[in-house]
Amino acid sequence: MARPRELDLDVLLDHVRAIWVADGIGAVTIRAVSARAGVSNGAIYHHFESRNHLLARAFAREIAAYLTVQRQRVAARSEEHTSELQSPMYLVCRLLLEKK
């Protein structure tokens, strides 16, 4: 019997993002993600309790990437980004970063 291949969660989340960007959040289903990733529904359910948990992980990854970029911009204190850094989103990010 062939051994099931290892599920790379980052690749799986890339598939979630691709579906979400192309077809909207409503199109992100376990079935759609498993079909796109070439894995079984069970493989996804092994790592995620539900579609909502899968989406929460995908959102968390996107937010983490956004915060990384913002953290780099703050560290650089670039004039180019000064007006951007005064935005409400910047203030929220700043609060989140200060809690670490």
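His46 is found in helix H3, which covers residues 41-47. Keep in mind as you look around that this is a predicted model. The protein has 6 helices and 0 strands, and reading from the N terminus its elements go α-α-α-α-α-α.

- His46 and Leu7 sit 39 residues apart along the chain, with 9.9 Å between their C-alpha atoms.

**The whole chain**
- Of the 100 residues in the protein, 24% are buried.
- The protein exposes about 7100 Å², and 56% of that comes from carbon and sulfur atoms.
- Take the contacts between residues at least 6 apart in sequence: 51% of them join residues at least 24 apart.

- The average pLDDT for the protein is 83, and 72% of the residues score at least 70.
- Confidence is highest in H2, with a mean of 97.
- At the other end, confidence is lowest in helix H5 (residues 82-85), where the mean is 58.

**Where H1 meets H2**
- Helix H1 spans residues 9-23 and helix H2 spans residues 30-37; their axes come within 9 Å and cross at roughly 115°.
- The crossing of H1 and H2 is right-handed.
- On the H1 side, the contact is made by Leu12, His15, Val16, Ala18 and Ile19.
- H2 brings Ala32, Val33, Arg36 and Ala37 to the contact.
- Sorted by type, the residues of the H1 and H2 contact come out as 7 nonpolar, 1 polar and 1 charged.

- His15 lies in helix H1, and it is one of the residues that make the contact with H2.
- Is His15 buried or exposed? His15 counts as buried, because its relative accessibility of 18% falls under the 20% cut-off.
- Setting aside neighbours within four places in sequence, His15 is in contact with Arg36 and Ala37, and both of those belong to the H2 side of the helix contact.
- Asp14 is also found in helix H1.
- Asp14 has a relative accessible area of 41%, so it is partly exposed.
- Asp14 and Arg61 are 47 residues apart in sequence, but their C-alpha atoms are 10.0 Å apart in space.

**Two residues of H4: Leu54 and Phe59**
- Leu54 lies in helix H4, the helix that runs over residues 51-76.
- Leu54 is buried, because its relative accessible area is 0%.
- Which residues does Leu54 touch, not counting residues up to four places away in sequence? The partners are Leu12, Leu13, Val16, Ile30, Val33, Ile44 and Phe48.
- Among those partners of Leu54 are Leu12, Val16 and Val33, which also take part in the contact of H1 with H2.
- Leu54 and Val33 are 21 residues apart along the chain, and their C-alpha atoms are separated by 9.9 Å.
- Phe59 has its place in helix H4 as well.
- With a relative accessibility of 34%, Phe59 counts as partly exposed, because that value lies between the 20% and 50% limits.
- Leaving out residues up to four places away in sequence, Phe59 touches Trp20 and Ile25.
- Phe59 and Leu13 are 46 residues apart in sequence and 9.4 Å apart in space, C-alpha to C-alpha.

How values were computed:
Residues numbered from 1 in each chain as written. Predicted model: local features only at pLDDT ≥ 70, side-chain atom pairs only at ≥ 80, totals over all residues. Heavy atoms only, no water. Helix = DSSP H or I, 4+ residues; strand = E, 2+ residues; numbered from the N terminus. Buried < 20%, exposed > 50% of the residue type's maximum accessible area, 1.4 Å probe, protein only. Contact = heavy atoms within 4.5 Å. Areas by Shrake-Rupley, 256 points an atom, 1.4 Å probe, with all protein chains shown as cover. Axes fitted to C-alpha atoms, helices over the stretch in contact; angles between N-to-C directions. Left-handed = near helix turned anticlockwise from the far one by under 90°. Nonpolar A, V, L, I, M, F, W, Y, C, P; charged D, E, K, R; others polar. pLDDT = per-residue confidence, 0-100.
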